[in-house]
Amino acid sequence: MGDFTDYDELTWLATITGVHGVTGAVRAKYFTDTPEYYLNTSLFFVEIEKQLHQKNVLRIYTAKKSWIIHFENFNSRDDAEKLKGCRLLLPDKKLKPLEKNEFFIHQLIGCRVEDQNGCFLGEVTDLLETAANVVYKVQKGKNEFLVPDVPHVVLELDIEEQRIIINPIPGLI
């Protein structure tokens with residue numbers, strides 16, 4: 001996820017990875033398990049050089065695990081090229097409502113990580129998505145280690161309490 005500005009009441013939903021065609025459309029990699037839920041989105045906040053800009057969506061559809069988005073007033077490949085690498089954000093109230101025991105990945109940043117005895121091991125500073133599972137980057141002072149989100153390692157995850165209890169298997173820390 002890296003070093004990005006965090007906005008109150010806005011969630012990073014996608015990143016523009018390139019252009020699509022010659023008519024100003026962009027390709028965006030989405031970070032959701034339900035991309036079809038957002039196909040009626042009419043507006044995104046686009047972060048351009050750490051500044052937020054509202055962009056009206058004319059058309060959005062899925063293609064190869066990405067969205068193809070046509071924004072208003074973006075009519076050429078050159079227009080679209082300027083958005084490459086920009087983040088797309090939505091107000092939290094526009095996000096798909098969560099089911100019980102679901103959470104947004106970004107809510108894990110800042111969680112305390114403890115062992116089964118309550119010993120503080122560090123804080124989640126970043127997340128890495130691998131083909132197999134999510135891995136939490138945990139930091140305590142200058143020490144850093146990775147925790148795979150697998151059942152025999154992550155024993156409890158409490159978003160409301162901002163706490164993750166792990167079984168620190170040998171070699172993990």
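Biologist: Which residues do ring pairs link into a cluster?

Modeller: Rings of Phe, Tyr and Trp (for Trp, the six-membered ring) count as a pair if their centres lie within 6.5 Å, and a pair is called stacked with planes under 30 degrees apart, edge-to-face over 60 and tilted otherwise. Taken by that rule, the ring pairs join into a cluster made of Y30, Y37, Y38, F44 and W67.

Biologist: What kind of model is this?

Modeller: Residues are numbered from 1 along each chain as its sequence is written, and side-chain values use heavy atoms, with hydrogens and water left out. Local features need pLDDT of at least 70, side-chain atom pairs count only at pLDDT 80 or more, and totals for chains, interfaces and linings use all residues, in what is a predicted model.

Biologist: How many aromatic pairs does the structure hold, and is the pair of Y30 and W67 stacked or tilted?

Modeller: The structure holds 6 aromatic pairs. In the pair of Y30 and W67 the ring centres are 5.1 Å apart and the planes stand at 45°, so this pair is tilted. The partners come from distant parts of the chain, 37 residues apart, with Y30 in strand 2 and W67 in strand 5; strands (E, at least two residues) and helices (H or I, at least four) are DSSP runs numbered from the N terminus. To come back to both points, the count is 6 and the geometry is tilted.

Biologist: Are Y30 and W67 buried or exposed?

Modeller: Relative accessible area decides this, with a 1.4 Å probe and protein chains only: under 20% is buried, over 50% is exposed, and values in between are partly exposed. On that scale Y30 and W67 are both buried.

Biologist: How is the ring pair of Y38 and W67 classed, and how far apart in sequence are the parts that it ties together?

Modeller: The ring centres of Y38 and W67 are 6.1 Å apart and the planes are at 65°, so the pair is edge-to-face. Because Y38 belongs to the loop between strand 2 and strand 3 while W67 belongs to strand 5, the pair ties together parts whose separation in sequence is 29 residues.

Biologist: In what order do the strands close into a barrel?

Modeller: Two strands are taken to pair if DSSP finds at least two bridges between them. Here 6 strands, in antiparallel pairing, close into a barrel in the order 1-2-5-4-3-6.

Biologist: How many bridges join strand 1 to strand 6, and which residue is the bridge partner of W12?

Modeller: Strand 1 (residues 10-20) and strand 6 (residues 87-91) run antiparallel and are joined by 5 bridges. In this pairing T15 stands opposite R87, and R87 also lies over the face of W12, at 4.7 Å from the ring centre, the rule being that NZ of Lys or CZ of Arg is within 6 Å of the ring centre and within 35 degrees of the ring normal. The bridge partner of W12 in strand 6 is L89.

Biologist: Where does K65 lie, and what is its phi?

Modeller: K65 is in the loop between strand 4 and strand 5, and its relative accessibility is 70%, so it counts as exposed. Most residues other than glycine have a negative phi, and most peptide bonds are trans. K65 is not a glycine, yet its phi is positive, near 60°.
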